[in-house]
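Here is a short report for a reader meeting this structure for the first time. It starts with the terms, then moves through the sheet, the helix and the charged side chains.

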Amino acid sequence: MLYEDKLIRVGLPDTPATKGHVIVSMRSSFEGMSEDDFAHALSSATFTSSTLFENVGAHGSNIIVAGNRIDVVARSEKDGISLRWDPTNVPQSEMDAVCE
């Protein structure tokens, strides 16, 4: 455990994706969580990301929210991880309908 408080725990995963992969786990589910508590979790993930730049020499990071946890994945230029997707072209009329 790297850090914990009444809302979150910050630790290392059993199987890290990269050097510096850190997990911010919520003590409760995101569903029904107050905006302030969710903001605290995201702020903690952002702070964790910043420390990875300083402590492991990360060039970037990905912050991934899933379930009741936030994965902060330290990135380097040649880490071999690809989170690439091929975007599609959606007609403007369909995008406008989403906004209505």
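Buried means under 20% relative accessible area, exposed means over 50%, and partly exposed lies in between (1.4 Å probe, protein chains only). By that scale Lys-6 is exposed, because its relative accessibility is 73%. This is a predicted model, in which local features need pLDDT of at least 70 and side-chain atom pairs count only at pLDDT 80 or more, while totals for chains, interfaces and linings use all residues. Residues are numbered from 1 along each chain as its sequence is written, and side-chain values use heavy atoms, with hydrogens and water left out.

## The sheet

Helices (H or I, at least four residues) and strands (E, at least two) are DSSP runs, numbered from the N terminus. Two strands pair if DSSP finds at least two bridges between them. Five strands make an open sheet in the order β1-β2-β3-β5-β4, with antiparallel pairing. β1 and β4 (60-66) stand at the edges with a single partner strand each, so one side of each has no neighbour in the sheet.

Strand β3 covers residues 22-26. Is it mostly covered or mostly open? Four of its five residues are buried, so by the definition each of those four has under 20% relative accessible area. On one side, β3 pairs with β2 (residues 8-11) in the antiparallel sense over four bridges. Ile-8 stands opposite Met-26 there, and Arg-9 has Ser-25 as its bridge partner. β3 is also joined to β5 (residues 69-75), again by four bridges and antiparallel. In that pairing, Ile-23 stands opposite Asp-71.

β5 also pairs with β4. Seven antiparallel bridges join these two strands. Ser-61 has Ala-74 in β5 as its bridge partner. The hairpin of β4 and β5 has two residues between the strands, and Gly-67 takes a positive phi near 60° in it. How many residues of β5 are buried? Six of its seven are, so β5 is largely enclosed by the rest of the structure.

In a regular strand the side chains alternate between the two faces of the sheet.

## The helix

Helix α1 spans residues 35-55. It lies across β2, β3, β4 and β5, and it runs at about 20° to β5. Axes here are lines fitted to C-alpha atoms, for helices over the stretch in contact, and angles run from 0 to 180 degrees between N-to-C directions. Contact means heavy atoms within 4.5 Å.

## Charged side chains

Side chains of opposite charge can pair when their charged atoms come close. A salt bridge is a side-chain nitrogen of Lys or Arg within 4 Å of a carboxyl oxygen of Asp or Glu. How many does a search of the whole structure find? It finds four. The table gives some of them.

| Salt bridge | N to O distance |
|---|---|
| Glu-4 and Arg-9 | 4.0 Å |
| Asp-71 and Arg-69 | 2.8 Å |
| Arg-75 and Asp-79 | 2.6 Å |

Glu-4 is partly exposed at 45% relative accessibility. Arg-9 is partly exposed too, at 33%. Glu-4, Arg-9 and Arg-27 are linked in a network of salt bridges. Arg-27 also lies 7.7 Å from Lys-6, C-alpha to C-alpha, although 21 residues separate them in sequence. Lys-6 sits in the loop between β1 and β2.

Asp-71 is buried at 9% relative accessibility.

Arg-75 belongs to strand β5. Is Arg-75 buried or exposed? It counts as buried, because its relative accessible area is 17%. Asp-79 is partly exposed at 23%. Not counting residues up to four places away in sequence, Arg-75 touches Ala-58, His-59, Gly-60, Ser-61, Asn-62, Ile-81 and Leu-83.

## A nonpolar patch

Patches are made of residues with over 30% relative accessible area and no salt bridge; like charges are joined within 9 Å, and nonpolar side chains (Val, Leu, Ile, Met, Phe, Trp, Tyr) within 5 Å. Leu-2, Tyr-3 and Leu-12 form a nonpolar patch on the surface. Together they have about 350 Å² of accessible area, from the Shrake-Rupley method with a 1.4 Å probe, where only the protein chains shown count as cover for residues. Tyr-3 lies in strand β1 (residues 3-4). Tyr-3 is partly exposed, at 43% relative accessibility.
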